[in-house]
Amino acid sequence: MYPLSSQKRSWTFANDAQLQEFRVEQNTKYIEQHVDEAPGELQEYFLTPAEERLLLKQYEIYLVDFCRRFEPAMPKCVIGTAFSYFKRFYLNNTPMDYHPKEILATCVFVACKVEEFNVSISQFVNNIKGDRNKATDIVLSNELLLICQLNYYLTIHNPFRPIEGFLIDIKTRSNMQNPDRLRPQIDSFIDSTFFTDACLLYTPSQIGLAAVLHAASKEQENLDSYVTDFLFVSAREKLPGLIDAVRKIRLLVKNYQAPEREKVKAIEKKLDKCRNQNNNPDSELYKERLRRLYTDEDDLPAEDGSFHIADVSSDTSAMNISQ
C-alpha cells in the first residue's frame with residue numbers, strides 16, 4: 001500500500017524547490033570534483049543546472065518514444081516505472097557523471113523486470129539501433145549502479161490502479177453515463193505527467209484523480225459533486241488539500257514546455273567535453289578500469305587481451321535510442 005511504501009517515505013518530496021536543491025547540489029559537487037579539467041570559465045565548460053534540466057527533458061521524450069516503439073508492446077506500468085527510476089536517479093546524480101542515454105536504457109530494462117514484463121536482454125537490445133553487443137554491456141554494467149542509486153527501493157506505485165478504482169466508483173455512485181469514454185483523455189493526461197515531476201511530488205491517487213477530473217472537463221462533464229458528496233463525505237477536512245494538489249498537478253501538465261532541439265544539441269556537444277571519462281564506455285579510462293575489474297575477479301585475462309565489456313571501440317551512436 002502506498003501510505004506504507006518506500007515511495008511515500010523516501011521518494012515523495014515537499015515541493016519543487018526541494019527537488020531543485022538536490023539537482024543543484026549534484027551539479028555543484030561534480031564541478032568541484034572536476035574543476036581542474038576546465039580549460040577556462042567553469043560555466044562555459046560544465047553544464048549548468050538549467051542545461052541539465054533541458055537535456056534530461058529531451059531524454060524523457062526519447063524514453064517514451066523508445067517504450068512506444070518497443071516490441072513486444074510494453075505495458076503502461078513499465079513506462080511509468082521507468083520514468084520514476086529515471087527521475088529518481090538524476091536527483092542523486094548529474095548527467096555529467098552518467099550519460100542519460102545509457103541510464104535511460106537501464107531504467108527501462110530494470111522496469112521490465114520489476115513489473116514482470118518478461119523480455120530477455122537479447123530481446124531488449126533488439127529494440128536498440130546500432131551495436132547491440134555494446135548496448136548489452138552498457139545496460140548490464142549499469143544495472144547494479146541504478147539499483148544502488150535507487151536505494152534498492154524498486155516498487156513503484158503508478159496512478160493506473162487508482163484510476164481504475166475511480167472509474168468503477170463513478171459508474172457505481174455518480175450519474176455520469178459511460179465513464180469509460182473518459183479513458184482516452186485520461187491516458188493522454190497521464191502520458192503528459194511523465195514529463196513533469198508529478199511522480200516525485202504527489203501521490204498516485206492524487207495524480208489519478210487529477211487525470212479523471214481533467215478528462216471529465218474535456219468531455220463537458222462535472223464531477224465536483226462526486227468528489228464532495230461521495231469521495232470525501234467522511235473526510236471533508238482533507239478536501240482542501242486534495243483540491244490544491246489536483247490544481248497543481250494540472251498546472252504542471254499545462255505549463256510543460258518541450259525543450260528546443262537546437263539548444264539540446266548544443267548542450268550535448270558541451271556534455272561530450274565535460275562528462276566523466278571514467279563512466280564513458282568509449283574512453284580509455286573506462287576500458288582500463290573494466291579490464292582491471294575483470295583481472296581482479298578472474299586473475300586470468302583473455303589470451304588476446306580482449307574483454308567484451310571493455311571492447312567498446314565503436315562510437316556512442318552504437319546505442320541509438322533516440323532514432
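This is a predicted model: local features need pLDDT of at least 70, side-chain atom pairs count only at pLDDT 80 or more; totals for chains, interfaces and linings use all residues.

The entries below take the pocket, the helix pairs and the cavities in turn.

**Entry 1**

**Entry 2. The largest pocket**

I looked up the largest pocket and found that about 690 Å³ of space lies in it. I counted 25 residues in its lining, and those closest to the centre are Tyr2, Pro162, Thr203, Pro204 and Ser205. By class, I recorded 15 nonpolar, seven polar and three charged residues in the lining of the largest pocket.

**Entry 3. Helix 9 against helix 12**

I recorded the crossing of helix 9 and helix 12 as right-handed. On the helix 9 side, the contact is made by Pro162, Ile163, Phe166 and Ile170. Helix 12 brings Pro204, Ser205, Gly208, Leu209, Ala211 and Val212 to the contact. I classed the residues of this contact as eight nonpolar and two polar, with no charged residues. I also noted that Pro162, Pro204 and Ser205 take part in this contact and are among the residues closest to the centre of the largest pocket.

**Entry 4. Helix 5 against helix 6**

I turned to helix 5 (residues 76–92) and helix 6 (residues 100–114), whose axes come within 8 Å and cross at roughly 135 degrees. This angle makes helix 5 oblique to helix 6. Helix 5 passes helix 6 in a right-handed crossing. Which residues make the contact? From helix 5 I listed Val78, Thr81, Ala82, Tyr85, Phe86, Phe89 and Tyr90. From helix 6 I listed Pro100, Ile103, Leu104, Cys107, Val108, Val110, Ala111, Cys112 and Val114. The contact of helix 5 with helix 6 has 15 nonpolar residues, one polar residue and no charged residues.

**Entry 5. The largest cavity**

I then asked how many cavities of 30 Å³ or more a search of the whole structure finds. The search finds four. The largest cavity holds about 140 Å³ of space. Its lining has 18 residues, and Ser84, Asn158, Pro159, Cys199 and Ile207 lie nearest its centre. The elements giving two or more residues to this lining are helix 5, helix 10 (183–193), helix 11 (198–201) and helix 12. I noted that helix 5 provides the largest share, four residues. The lining of the largest cavity divides into ten nonpolar, seven polar and one charged.

**Entry 6. The second largest cavity**

I found about 60 Å³ of space in the second largest cavity. Its lining is made of Arg23, Gln26, Pro49, Glu52, Arg53, Leu56, Tyr90, Asn93, Thr94 and Pro95. Helix 2 (16–34) and helix 4 (49–69) are the elements that give two or more residues to this lining. Helix 4 gives the most, with four residues. By class, I recorded four nonpolar, three polar and three charged residues in the lining of the second largest cavity. I noted finally that Tyr90, which lines this cavity, also belongs to the contact of helix 5 with helix 6.

Definitions and conventions. Residues are numbered from 1 along each chain as its sequence is written. Side-chain values use heavy atoms; hydrogens and water are left out. On a 1 Å grid over the protein atoms alone, a cavity is a set of points where a 1.4 Å probe fits but cannot get out, and a pocket is an open set with protein on both sides within 12 Å along at least five of seven lines; lining residues have an atom within 4 Å of a point. Grid points are joined across faces, edges and corners, and a volume is the space filled by probe spheres set on the points. Ala, Val, Leu, Ile, Met, Phe, Trp, Tyr, Cys and Pro count as nonpolar, Asp, Glu, Lys and Arg as charged, and the others, Gly among them, as polar. A crossing is left-handed if the near helix is turned anticlockwise from the far one by less than a right angle, and right-handed if clockwise. Contact means heavy atoms within 4.5 Å. Axes are lines fitted to C-alpha atoms, for helices over the stretch in contact, and angles run from 0 to 180 degrees between N-to-C directions. Angles under 35 degrees count as roughly parallel, over 145 as roughly antiparallel, 65 to 115 as roughly perpendicular and the rest as oblique.
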